[in-house]
Amino acid sequence: MEYPRFAARPVGKVIHSIYRDRLETFIQPGQYEKQNLLSSLYKSRVGEPVLKLSVWSAPDLSRPTFAEAISQSFKPTGTGASFGPGWSTHWFRLEICLPPTLQGEQDLELHWEASCEGMVWTEAGHPLQGLSGDGERIEWRLPASVQDGAAHIFYLEMACNGMFGLGKGARNQPPDPDRYFTLQTAEIVAVNREARALLFDFTTIADAARQFPQQSWEAHKALQVGNAIIEAFTAGAGSDAAIQDARAIAREFLGDKIDSEDVYDAEEAEEQLVYAIGHCHIDTCWLWPWEETKRKVARSWSNQCDLMDRYPEHRFTASSAQQFKWLKEYYPSVYARVMDKIRLGSFQPIGGSWVEHDTNMPSGESLVRQFLHGQRFFEQEFGRRSTTFWLPDTFGYTAQLPQLCRLAGMSRFITQKLSWNNINNFPHTTFNWVALDGSQVLCHMPPSETYNAEAQLAELVNSVDQHKSLDQDPSSVLIFGKGDGGGGPTFQQIESLRRLRGLGERTSLIPRVHHGRSVDHFFEQLEGKAAAGKTEFVTWYGELYFELHRGTYTTQAATKWNNRKAEIFMHDLEYVAALASVKQAQYSYPKAQIDSLWEDLLLCQFHDCLPGSCIRMCYDDSDKLYSQLFATGQHLMDTALGVLGIRTSETSSPATRALNTLPWPRRELVKVAEEYALISSDGLGIASIQRPASPSVTVAEVRPGVFELANERYKLEIENGAIISLLDVKINRQVLAKGGKANQFVIFDDKPLYRQAWDVEVYHLTSRKELPGGVSAIAEQGPYRASIVTKTVISERSWLVSTISLSAAIDDESPCIQIDTEVEWREDMKFLKVEFDVAVTNTEASYDTQYGVVKRPTHYNTQWDMAKFEVCCHKWADLSENGYGVSVLNDSKYGFATCGHLMRLSLLRSPKAPDACADMGRHHVRYAIFPHQGPLDSRTVRAGYNFNNPMRLVTATESHMLNDITITGNPSLVLDTIKRGEDDEDVSLGGIAARKGQSLILRVFESLGGQASGIIKTSLPVVDVWKCNILEDDEEKLEFRTGEINIALRAFEVATFRLQL
Ligand SMILES: [Zn+2]
């Protein structure tokens, strides 16, 4: 046929911007909603009398059980009614009786919108599905049973809080307890299934038209298809036939398999790029308390079980043993449903830790217990441990995590928080992360940079565009689902993924996404590729420092204090109880109670709790838990000591001794009933007390207002509360920088860009103001200890009193210079710190971290260096040069900075959100200056422990009841934990196979970064010795002869030994 010779009519170019914008008008509410696709989504919507509502409101913000609630009397209610106040609970009785017009409808839903969370229950008391409010998840699919037209009863439990709590005005603000929620929508809706499917089709197509590169054929095609769909729909006036025509057009672009899981069939032969995994990040507490989290878990996970019934490909992964345990205890029928899905492989437990914890501040042993308790729960309940450590949302990652993961049976790690860095862009997506000891885990940070993906086209584009390890492997994980109160993935997201996969078969502009596998599959293919030599992943050594949320090392000081004290308490309790149980047959080890105390402590290490980013309610809860821990723990401690003939006692008697729970000799002056005494300890166990010999500390006012404290090692001058001179007498060295001071309090204006409790921004440093101290005075006169006290006024509302003390030198060695500061803190958005300006030169400072030392720059050469302007330390920070150094010790602080030769311990912040009264009130802070000749070595490591573990006074009838274990050899070896074997037959709580006999677990680590060997000696009747992992699996049998075990550790190794008795 000849090409037409004459133009039939004018034809214009497609004006892209106009045709693109038109796509929006087809699916948006507003002026066209009664004409566009939205008008066809539902065949009918009915309220009363088809749906009859009555309500009972629970009193006093209580959260009653189902049984309690339904036994109450319900009053009629309906839409327009208002419910509150914030945190209150209201139970609705829903009576559904379908009219003949709706009977037989396949797709019936309850639509419920009250802008708050809710849960639908059966009449028999089984939770069915959660609701989120504010349009996030408002539909519940009615069961087929209602179609008979009889009256059916359901219950709906309404929680008067939004997905993100009750923040007044904005999400991270303190809660508004006066908030009320109006029931806006309560309807039975018949869904037009094909119209809804067209909405999913069209959304993906419109996204492609907008987001694909505008010069690509795919963007042009999407624009044509989208507009053709609108034309077809309009031509048929939105009829069912028109919708069918429109869907046929959509399938030209998306393929014809998008209505089922078959869309994923094609992938087997080809390389898989994006593994979509459903997830629901549920913060264990944050803008709501634990009690609400228990309900959020039940709501969210029941949603997912329901989706698995409807979408065979759906896979959902959930972490945190604690959340599973709560579900098992409070929602057994949901737990049973979850267990069914776990058996089928669709619900995938992951993570291997007790909660998704902070990793900066918990001690090494706490991190071990997060894994031990987490993995044991997984093993017991699900029959297998997790191979992947899952921690998408925490505020930085300590350097030893890879080693601990490997020791807990996990070689893989998924996280993503570093994408929030606000200074430097972390350079890798998939890489080997290497611990201080050289252990590695394969780490993946999803390039979509979220753990709450919406399963939309842009995230798939980002999965390639933002992938930083394409040279090694282009695949990635997409973690999708609405977090917290959002209940996880929605059916809309699962439908969207099907369409994105359909589209991915036709274009290379988005990677092919697969839904239906697991995180394990993802890592298996990476490991397989590496094993076959097809790729080699790059490495990152040391901590993954998070360049944001630096305020979390300091916010909520009382919680940090409790955490440190509780960790130390648990250390002492386990040591005493373990030895008592192997030495005294009549004493049985209180395993259940000790486990429960640990679980409470681990819970409080959740990544918003310990970091200080929760609302007040959460800290009321955790304060209660800590005080129970100390009370129950003390009772257990007294009992265990009692069976060994030891009693805690503060009074002086001939039987007064001290208990040293640390494995090295200590000689310390202590006050016993107003008199100074010298404790002499050879190591672990009971120590004797003597009268101290030659007292030798003096104090005097040497110039007006200037006081001198002196012993054989140090001479200090103090003026207005600051140390203005610190002389190391033996070598005649001035420890302070020229003109510098120590114990100088400074205050900063502290207004970060957005998240007050979390962040302290670099610009706060320029607001530094020295707080002038008042006139100093002598507080204690010697001869064994002398102190100078000074009051400093911070403001009209706040003050501090700081006492600097020096004790007599013992054996020529001086204890550290101890400072006790009491602060009355009533500030708004201010940051209090204390400075030590020392005459030491080094471009790196060292910080105590879990099982080792981490070094960070003291300068701002590069942006990476500068970003570390505030860092996390544990018991000490140290600045040393050749031949000399200064350590600053603390007993409950975690924030530190070393800027040049200025060392600065962070004391208190005063953010007003999300807890409006964070840190207001009285605080007692202890810290100390520990100068040392020579390099940083075991003296600082031990001083840090000693400062945190004061010896406790006891009366003991026999003096050797706890002195059964010693460790000698390289002083960098620290025997950090003594506990009972988890599965010993006299200790086991069942669930995991018990082991014959009794055993002791000894955890030893190399603390300074070098090979070290030593000998563990014990008088206990040991039969066999095994080196094991932190889950206490035997790995290597060691020789045990004449009560001795020879051990050799590599640099920064954490080694666990099991002594079979
Ligand atoms: Zn979180």
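Helices (H or I, at least four residues) and strands (E, at least two) are DSSP runs, numbered from the N terminus. The model is predicted, so that local features need pLDDT of at least 70 and side-chain atom pairs count only at pLDDT 80 or more, whereas totals for chains, interfaces and linings use all residues. Residues are numbered from 1 along each chain as its sequence is written, and side-chain values use heavy atoms, with hydrogens and water left out.

Ile 18 is placed in helix α1, which covers residues 16-25, and is exposed, its relative accessible area being 54%; exposed denotes over 50%, buried under 20%, and partly exposed the range in between (1.4 Å probe, protein chains only). Lys 730, in the loop between β31 (722-728) and β32 (733-734), is partly exposed because its relative accessibility is 44%.

The zinc ion is coordinated at 1.9 to 2.1 Å by His 281 (NE2), Asp 283 (OD), Asp 393 (OD) and His 607 (NE2), where donors are N, O and S atoms within 2.8 Å of the metal (3.2 Å for Na, K and Ca), and where sites may look incomplete because water is not among the atoms. Along the chain, the spacing of these donors is H-x1-D-x109-D-x213-H, and both His 281 and Asp 283 are buried.
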